[in-house]
Amino acid sequence: MPARGRPTSPFLIYRWQIGNSLSILHRVTGAALGVGLIALSYWLVSLAGGPHSYAAATALFASPIGLLFLCGWTFAFWFHLLNGVRHLFWDAGRGFERTQRHASGWFAVAGSIALTLSVWAWVWRHLS
Amino acid sequence: MSLRSPLGTVLGMGSAKDGTAHWWAQRVSAVALVPLTLWFVFSLLTLPAFDFDTVRTWLSVPISAFLAVLLVAVMTYHSYLGTIVIVEDYLTSTGMKVLTLITLRFLYVLSGGAAIFAILRVALGFPRL
């Protein structure tokens, strides 16, 4: 432990709140979507390869682990999109008030959960 | 009068040279991805099924193939820009950092190039295997 009164790095004393949580989540979902991009490329390549390679790819995505990843990527996509728009507003110098930051943050969380559930409800209804 | 410090001159260190280019490219590609990704998601969701013939027929339509190529290209670029920032933030060893950045660049070009080639192969009607 450092001696008392020594300066402390901000992340050691920073209070956990919605602002930093969503900032971290934005980076985590971005990294996850980077992996999802490789999966998208694989899916497209399998489609170009013919019915056999496409069947192998869809079997992989329809497996329990594949579906888990697809659900994760769906949430990551919607959150990164909604929170990304939030960041674009900030870049334009808008939405910095405390109430606006909190409202838009919770909107991004609730919106991404609702959109993820909607997508999978839609897929389930149409494919079952 | 030079604004460079004596130490900076001795070490041969100048500015990073690219200033806000990376930041700006990240934002512009983000704006482009809003309509492109929404088009992609809603196109997939409105397909009657995800079987080979349906998906292949959909991607053979010129406008679908064109937008899919743009989507993959911009998404690969945007993801590359974001990922190198993560590497630059967390990898402190110069050797590891350079090695990872070069590997990532190769991986992104490989992934994006393969996906675009695949879309073109479907859309331009190469003989069915």
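Modeller: A residue is called buried here if 20 or more other C-beta atoms lie within 10 Å of its own, and exposed if 12 or fewer do, with partly exposed in between. The model is predicted. By that cut-off, buried residues make up 16% of the 129 residues in chain B.

Chain B has five helices and zero strands, so its elements run α-α-α-α-α from the N terminus on. Its radius of gyration is 21 Å, well over the 14 Å that the globule rule gives for 129 residues, so chain B is more spread out than a compact globule. The C-alpha trace of chain B spans about 65 × 30 × 25 Å along its principal axes. Of the contacts in chain B between residues at least 6 apart in sequence, 71% join residues at least 24 apart.

Now the part you asked about. In the contact between the chains, 24 residues of chain A meet 25 residues of chain B. On the chain A side, the elements that give two or more residues are α2 (18–49), α3 (51–62), α4 (64–91) and α5 (98–127). The largest share of that side, 14 residues, comes from α2(A). By class, the chain A side has 15 nonpolar, seven polar and two charged residues.

The largest nonpolar core holds 27 residues, and those touching the most other members are A:Leu44, A:Leu47, B:Val72, B:Ala115, B:Ala118 and B:Ile119. At least two residues of this core come from each of α2, α3 and α4 of chain A and from each of α2 (21–45), α4 (62–90) and α5 (94–123) of chain B. With seven residues, α2(A) gives the most to this core.

B:Ile119 lies in helix α5 of chain B. B:Ile119 has 24 other C-beta atoms within 10 Å and is therefore buried. From chain A, B:Ile119 touches A:Leu44, and from chain B it touches B:Leu59, B:Ala65, B:Ala68, B:Val69 and B:Val72. The C-alpha atoms of B:Ile119 and B:Phe66 are 8.7 Å apart in space, while the two residues are 53 apart in sequence.

Apart from neighbours within four places in sequence, B:Gly82 is in contact with A:Gly30 and B:Gln26. B:Gly82 has 19 C-beta neighbours inside 10 Å, so it counts as partly exposed. B:Gly82 and B:Trp23 are 59 residues apart in sequence, and 9.6 Å separates their C-alpha atoms.

Last, a pair of helices on the chain A side. α3(A) and α4(A) pack at an angle of about 75°, with their axes 4 Å apart, and are therefore roughly perpendicular to each other. Where they meet, α3(A) brings A:Leu60, A:Phe61 and A:Ala62, and α4(A) brings A:Gly66, A:Leu67 and A:Leu70. By class, this contact has five nonpolar, one polar and no charged residues.

Note on methods. Residues numbered from 1 in each chain as written. Chains lettered and ligands numbered in written order. Predicted model: local features only at pLDDT ≥ 70, side-chain atom pairs only at ≥ 80, totals over all residues. Contact = placed C-beta atoms within 7 Å. Nonpolar A, V, L, I, M, F, W, Y, C, P; charged D, E, K, R; others polar. Core = buried A, V, L, I, M, F, W, Y, C linked by C-beta atoms within 7 Å. Rg over C-alpha atoms; globule rule 2.2 N^0.38 Å. Axes fitted to C-alpha atoms, helices over the stretch in contact; angles between N-to-C directions. Parallel < 35°, antiparallel > 145°, perpendicular 65-115°, else oblique.
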